[in-house]
Amino acid sequence: MIKLTGAQRVLLAAGSAVGALANPLRGDLVATLGETTGTAALMKMRQKMRMNKIGLEILKDRPRVTEETMDISYLSTLPTNTFGYHYYCFMHDNGLSAQRASTKFVEDEELAYVMTRYRENHDFLHTLTGLGVTVPEEICLKWYEMVQTELPMCYLSAAFGPIPLPLSEKQFLLSKQIPWGLACGRASAFFMNIYFERELEHDINDMRRRYKISVAPNNIST
């Protein structure tokens, strides 16, 4: 953990904000912005977790999603209707690693874990919502995360990410994907209170029903 003075935090937040505005999909800059500006949102997220039985358990257990803790080979053998098998397919098909960048600039240990857990839940959300890793799909998921977390970095990506998109993708995002993100974000369970590791062997559609997380529109031709 890197401790910052007030002035250093302001400068780092400003610098990362400028860079992220220029390229809202620069993950490193958005992550730094999230850590240096997200304290209030992280405190709200932690409070929601503390008020929920499963969320509180997650805070106590502090599970991590890493290459070591996620047995991809095992997940590939699960029945095809399971959340774990769908997660395996998402990670394998997109050549992704479960490893996420460590949290550097959040000094409170528990809040740092909340930020880490948020990041490590991201691919689980891709799996549940059926969203891939194209730029429009990532922006669509950011709208959902924005409603759920209120993290400033989500607002930034959601608002400025669509700017460089082709007109057809912007229109689909505005007419289909953003409305889905807002509606699903409001209707679904707080995803930070989902113990995803315990759901791997469960039916994915049953999960979607229980947590009220619907599949997002992700095909511009439909």
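## Model and conventions

This is a predicted model: local features need pLDDT of at least 70, side-chain atom pairs count only at pLDDT 80 or more, and totals for chains, interfaces and linings use all residues. Residues are numbered from 1 along each chain as its sequence is written, and side-chain values use heavy atoms, with hydrogens and water left out.

## Overall fold

The protein has eleven helices and zero strands. Helices (H or I, at least four residues) and strands (E, at least two) are DSSP runs, numbered from the N terminus. Of the 222 residues, 49% count as buried. Buried means under 20% relative accessible area, exposed over 50%, and partly exposed in between, with a 1.4 Å probe and protein chains only.

Contact means heavy atoms within 4.5 Å. Among contacts between residues at least 6 apart in sequence, 74% join residues at least 24 apart.

## Helix 8

Helix 8 covers residues 135-149. The expected span of a helix is 1.5 Å times one less than its number of residues. Glu150 follows the helix, with a positive phi near 65°.

Twelve of the 15 residues are buried, so helix 8 is largely enclosed by the rest of the structure. Among them are Pro136, Ile139, Leu141, Trp143 and Met146. The buried residues pack against helix 3 (39-50), helix 7 (109-129), helix 9 (152-160) and helix 10 (167-187).

## Helix 8 against helix 9

The axes of helix 8 and helix 9 come within 8 Å and cross at roughly 145°. Axes are lines fitted to C-alpha atoms, for helices over the stretch in contact, and angles run from 0 to 180 degrees between N-to-C directions. The crossing is left-handed: the near helix is turned anticlockwise from the far one by less than a right angle (clockwise would be right-handed). Helix 8 makes the contact through Ile139, Lys142, Trp143, Glu145, Met146 and Thr149. Helix 9 contributes Cys154, Tyr155, Ser157 and Ala158.

## Cysteines

A disulfide is a covalent bond between the sulfur atoms of two cysteines. The criterion here is a pair of cysteine sulfur atoms within 2.5 Å. The whole structure holds zero disulfides. For Cys140, the nearest cysteine sulfur is that of Cys184, 9.0 Å away. Cys140 is buried, at 0% relative accessible area. Cys89 is partly exposed, at 21%.

His122 lies in helix 7. With a relative accessible area of 8%, His122 is buried. A polar contact of 3.1 Å joins its side chain to that of Glu138. Such a contact is a pair of N or O atoms within 3.5 Å; within protein, one must be able to donate a hydrogen and the other to accept it, and residues adjacent in sequence count only if both atoms are side-chain atoms. Beyond four places in sequence, His122 touches Arg100, Glu138, Leu141, Lys142 and Glu145.

Arg117 is also in helix 7. Arg117 is buried, at 0%. Its contacts beyond four places in sequence include Ile58, Pro63, Met192, Tyr195 and Glu197. Ile204 sits in helix 11 (residues 204-211). Ile204 is buried, at 2%. Its C-alpha atom is 9.7 Å from that of Tyr87, 117 residues apart along the chain. Residues that Ile204 touches include Asn81, Phe83, His86 and Leu128.
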